[in-house]
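User: Please examine the structure shown below. I would like to discuss its strands, helix packing and local backbone features in turn.

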Amino acid sequence: MSGKYLVTGGAGYVGSVVARHLLEAGHEVVVLDNLSTGFAEAVPQGADFVEGDIRDAAKWLDPSFGAVLHFAAFSQVGESVVKPEKYWENNVGGTVALLAAMRESGVRTLVFSSTAATYGEPDQVPIVETAPTRPTNPYGASKLAVDHMIGGEAAAHGLGAVSLRYFNVAGAYGASGERHDPESHLIPLVLQVAQGRRDAISVYGDDYPTPDGTCVRDYIHVADLAEAHLLALEAARPGEHLICNLGNGSGFSVREVIETVRQVTGHPVPEVTAPRRAGDPAVLVASAEAARDRLGWRPSRADLAGIVADAWEFAQRIARES
């Protein structure tokens, strides 16, 4: 059944891909984004675009909307450490305003873009949803605060909500790929080396208890991630706040990513070994069993070479256009 959905932060990387998937499924989409980190050209054709702030969501939200998919957040871990107030004000304060607008308009379904950063350094892997939540930075803490807020909203006001905790999102879909400033994610950083935009990639620690000594992370294709959001809309139940991890359930090391980029691009990728970064766990891998059982979701693009190839095509296109 088709519906009308508000996508906050829909000019960003993940939000724009989800908006595109909603349109392809026959839904009506309104994107709300202030373009502080997003790109107007990433908003998919066919979506109505409103340039505005999430704190003003009540101006546009009305009973004709079936649900809100919420991606409007700042997400730079390093920045959150030096400017925590920015993350509390936008990520938490903005969601307070959004939930109030949803109550006033009678929109009772929410899918929230949460993060594995809510867990911090895990005691065990794969990480399950019942693992302790001990975020190590204000970004993760702000997302966890929103998860708590949504749980209270569901219990008190009958909101049907699903929080999706992403692990490492990568790849590209349509006109949307990773474009962060500054860039902090491994795959686009290694691609910048392959493009000649960066001299070398730093490998932070090569003495971890992993097969090749480098950190292992769980990578998920952004298109698989988007499909989980559409399934979450169907799974949301009034008065329930469901939390699901999204990942492949297996990981790739830093050196595996670097070697895959070399193979996909055909370019040399010099690397330099640097000291470990404080707070970097050896392995971060998701258990996605809850998403499988509750959403019926299974990732279908788990091949690292395919993820890198999509990201490389996007990076090359952006380089040609700039």
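User: In which strand does His-241 lie, and which side chain does it join in a polar contact of 2.7 Å?

Analyst: In this predicted model, His-241 belongs to strand β11, which covers residues 241-246. Leaving aside residues up to four places away in sequence, His-241 touches Asp-147, Ile-150, Gly-151, Ala-154, Ala-161 and Ser-163. The polar contact of 2.7 Å is made between side chains, and the partner of His-241 is Ser-163.

User: Which strands stand at the edges of the open sheet of seven strands?

Analyst: The order of this sheet is β3-β2-β1-β4-β5-β6-β11, and the pairing is parallel. Two of its strands have a single partner strand each, so one side of each is left without a neighbour in the sheet; these edge strands are β3 (48-51) and β11.

User: What is the average twist from one strand to the next in the seven-stranded sheet with the order β3-β2-β1-β4-β5-β6-β11?

Analyst: The strands in this order form an open sheet with parallel pairing. From one strand to the next, the twist averages 20°.

User: Which residue of β4 is the bridge partner of Val-7?

Analyst: Strand β1 (residues 4-8) and strand β4 (residues 67-70) run parallel and are joined by four bridges. Within β4, the bridge partner of Val-7 is Leu-69.

User: What angle does the direction of α4 make with that of β5?

Analyst: Helix α4 packs on the sheet, where it touches β5 (109-115), β6 (160-166) and β11. The direction of α4 and that of β5 make an angle of about 155°.

User: How are α3 and α4 oriented, roughly parallel or roughly antiparallel?

Analyst: The axes of helix α3 (residues 84-105) and helix α4 (residues 138-157) come within 9 Å and cross at roughly 20°. Angles under 35 degrees count as roughly parallel, so the crossing makes α3, relative to α4, roughly parallel.

User: How many nonpolar, polar and charged residues does the contact of α3 with α4 have?

Analyst: The crossing of α3 past α4 is right-handed. On the α3 side the contact includes Tyr-87, Trp-88, Val-92 and Leu-99, and on the α4 side it includes Tyr-139, Ala-145, Val-146 and Met-149. By class, the contact of α3 with α4 has twelve nonpolar, four polar and two charged residues.

User: How many charged residues are in the contact of α5 with α7?

Analyst: The two helices meet in a right-handed crossing. Leu-186, Ile-187, Val-190, Leu-191 and Ala-194 of α5 make the contact with Val-254, Val-257, Ile-258, Val-261 and Thr-265 of α7. Of these residues, nine are nonpolar and one is polar, and the number of charged residues is none.

User: Which residue of β14 is the bridge partner of Arg-217?

Analyst: An open sheet of three strands, with mixed pairing, has the order β12-β9-β14. Strand β9 (residues 216-217) pairs with β14 in the parallel sense over two bridges. In β14, the bridge partner of Arg-217 is Leu-284.

User: Where is Leu-35 found?

Analyst: Leu-35 is not a glycine, although its phi is positive, at about 60°. Its place is the loop between β2 (28-33) and β3.

Definitions and conventions: Residues are numbered from 1 along each chain as its sequence is written. This is a predicted model: local features need pLDDT of at least 70, side-chain atom pairs count only at pLDDT 80 or more; totals for chains, interfaces and linings use all residues. Side-chain values use heavy atoms; hydrogens and water are left out. Axes are lines fitted to C-alpha atoms, for helices over the stretch in contact, and angles run from 0 to 180 degrees between N-to-C directions. Angles under 35 degrees count as roughly parallel, over 145 as roughly antiparallel, 65 to 115 as roughly perpendicular and the rest as oblique. A crossing is left-handed if the near helix is turned anticlockwise from the far one by less than a right angle, and right-handed if clockwise. Contact means heavy atoms within 4.5 Å. Ala, Val, Leu, Ile, Met, Phe, Trp, Tyr, Cys and Pro count as nonpolar, Asp, Glu, Lys and Arg as charged, and the others, Gly among them, as polar. A polar contact is a pair of N or O atoms within 3.5 Å; within protein, one must be able to donate a hydrogen and the other to accept it, and residues adjacent in sequence count only if both atoms are side-chain atoms. Two strands pair if DSSP finds at least two bridges between them.
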